[in-house]
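The following exercises are to be worked from the coordinates. Each task is followed by a solution in steps.

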Amino acid sequence: MATLAAFSSFFFFFLVTFAFADTGKVGINYGRVANNLPSPEKVVELLKSQRIDRVKTYDTDSAVLAALANSDISVVVAFPNEELSKAAADQSFTDNWVQANISKYYPATKIEAVAVGNEVFADPKNTTPFLVPAMKNVYNSLVKYKLDSNVKVSSPIALGALQNSYPPSSGSFKSDLIEPALKPMLEFLRKTSSYLMVNAYPFFAYSANADKISLDYALFRDNPGQVDSGNGLKYTNLFDAQLDAVFAAMSAISYNDVKVVVTETGWPSVGDENEAGAGAANAAAYNGNLVRRVLSGSGTPLRPKDPLNVYLFALFNENQKPGPTSERNYGLFYPNEQTVYDSPFVSTSGNSSSTPAANKSKTQVPVSGGGGGDVSPSAAGQTWCVANANAGEKKLQAAIDYACGEGGADCRPIQEGATCYDPNTLEAHASYAFNSYYQKQVRKAGSCDFGGAAYVVTQAPSKIWKMPVPNWLLSGKKIGSIS
């Protein structure tokens, strides 16, 4: 994958900036359980340089919120578990909290939601009884200060809230949580037009059941898939299966109309000996393939029309997190702002096959499945089409022959002696031919597929090819042949 390796400075996060009209959105969790992280100002510079425009924090740190001001980065802030009992008992407490932590920074800092608590049902201090009353009081305080129309209130739950998760259609919540907590919370989310926050980690399920779960299934790579015996739906990845178990559980208690955002998911680049699957190659594959999955625009088998929205965990490795080694190694960046691993930042098109690359607990990509990942010009602004190196020489050559022949792509620049002949590789020439065809087709859906030999990227071809790229390719305009 020599061509895609040229992306090495950073990868899929370029995608985060694009909130495509009919696709999902990707953000990043910014945790700070470390003593060696860059200043908030430098973190914001990093986010902007990578065009990351959605961030979730775990507190309302004043330096962080001030640094994010006027950055155009949307922010989810957190209300701590430790304060839930006070928030539940006293409206004035949440009034003061909203004034000090939301009103003070909004709208310069684009706070879009408050996560009240985090995985409260798993909190050993038994803060569950306070959760919904606290959520209601935080919401009422937002109403009081006229912020409720722009700032949502929710609370992240872990998959541990499920009693059953396999097959996905049998998904159900733990019975002792339904009446006292889940139904009231989901009713609140419905009435306030908010969404359920869910933390989902296929890594945990794979690591604990590596003898039963295929790694390819966990990493969104090609695999035979699993058919749900309850409804006949086919699953090609563990993430979709986990999410649909949540949807089934919500439907079972009549809340299938409430939307869901995955507020944490990721894969560790390092783990202990007993943490099967942990490693940089697998982390790159999981995160890269997940991003492509999200940007394909399709939902899960159970909710196919609902685009996925996710926050990857996490921005940095955090050296002071307790627990197994994996806990300190979910980051996409080291504290010195260097990437932990590389992965191409692309949006898959069609059904191109995945390739291995080699918070709680988290390899090389393109992705399988998901379908329908092409991005129209009206929805996405600028996109390009490049070759899938894993399609094989035979498929790539056949696709080049079509693009340069019947397809009408102008392939003169990649002929021997021409301006774009170098690098003289099948993949580079295929990328040029595919992109020529794609742009002349005005980037319409299906025009960057070639039977799985190509996919859409959001990075200009000049970053892929070591050659000048004609302006018409960069602009995406259909101007005809290059001379």
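**Exercise 1.** How many disulfides does the chain of this predicted model contain, by the rule that the sulfur atoms of a pair lie within 2.5 Å?

*Solution.* The count comes to two disulfides.
- Step 1. Cys385 is joined to Cys448, with an S to S distance of 2.0 Å. This pair links distant parts of the chain, 63 residues apart: Cys385 belongs to strand β15 (residues 384-387), and Cys448 to the loop between α14 (426-440) and β16 (454-457).
- Step 2. Cys404 is joined to Cys411, with an S to S distance of 1.9 Å.
- Step 3. With the bonded cysteines numbered in sequence order, the pairing reads 1-4, 2-3.

**Exercise 2.** Determine the handedness of each disulfide and the burial of its cysteines, taking under 20% relative accessible area as buried.

*Solution.* 
- Step 1. The S-S torsion of Cys385 and Cys448 is about 85°, so this disulfide is right-handed.
- Step 2. For Cys404 and Cys411 the torsion is about -85°, so that disulfide is left-handed.
- Step 3. Cys385 has a relative accessible area of 0% and is therefore buried; Cys448, at 0%, is likewise buried.
- Step 4. Cys404, at 29%, counts as partly exposed, whereas Cys411, at 8%, counts as buried.

**Exercise 3.** Which residues of helix α2 (residues 40-49) are buried, and why do they lie on the same side of α2?

*Solution.* 
- Step 1. The buried residues of α2 are Pro40, Val43, Val44, Leu46 and Leu47.
- Step 2. They lie on the same side of α2 because they cover an arc of only 160° around the axis.
- Step 3. Just after α2, Arg51 adopts a positive phi of about 60°.

**Exercise 4.** Describe the nonpolar cores and the overall burial of the chain.

*Solution.* 
- Step 1. The largest nonpolar core has 97 residues, and those with the most contacts inside it are Ile102, Val116, Phe173, Met185 and Leu196.
- Step 2. Helix α10 (residues 238-252) gives the most to this core, namely nine residues.
- Step 3. Another core lies apart from it, with 21 residues, including Ala399, Ala430, Phe434 and Ala453.
- Step 4. Beyond four places in sequence, Leu196 touches several residues, among them Met185, Val246, Met250 and Val260.
- Step 5. Of the 483 residues in the chain, 58% are buried. The chain exposes about 18700 Å², of which carbon and sulfur atoms supply 49%.

Terms used
Residues numbered from 1 in each chain as written. Predicted model: local features only at pLDDT ≥ 70, side-chain atom pairs only at ≥ 80, totals over all residues. Heavy atoms only, no water. Buried < 20%, exposed > 50% of the residue type's maximum accessible area, 1.4 Å probe, protein only. Helix = DSSP H or I, 4+ residues; strand = E, 2+ residues; numbered from the N terminus. Arc of directions from axis to C-beta. Core = buried A, V, L, I, M, F, W, Y, C linked by side-chain atoms within 4.5 Å. Contact = heavy atoms within 4.5 Å. Areas by Shrake-Rupley, 256 points an atom, 1.4 Å probe, with all protein chains shown as cover. Disulfide = S-S within 2.5 Å.
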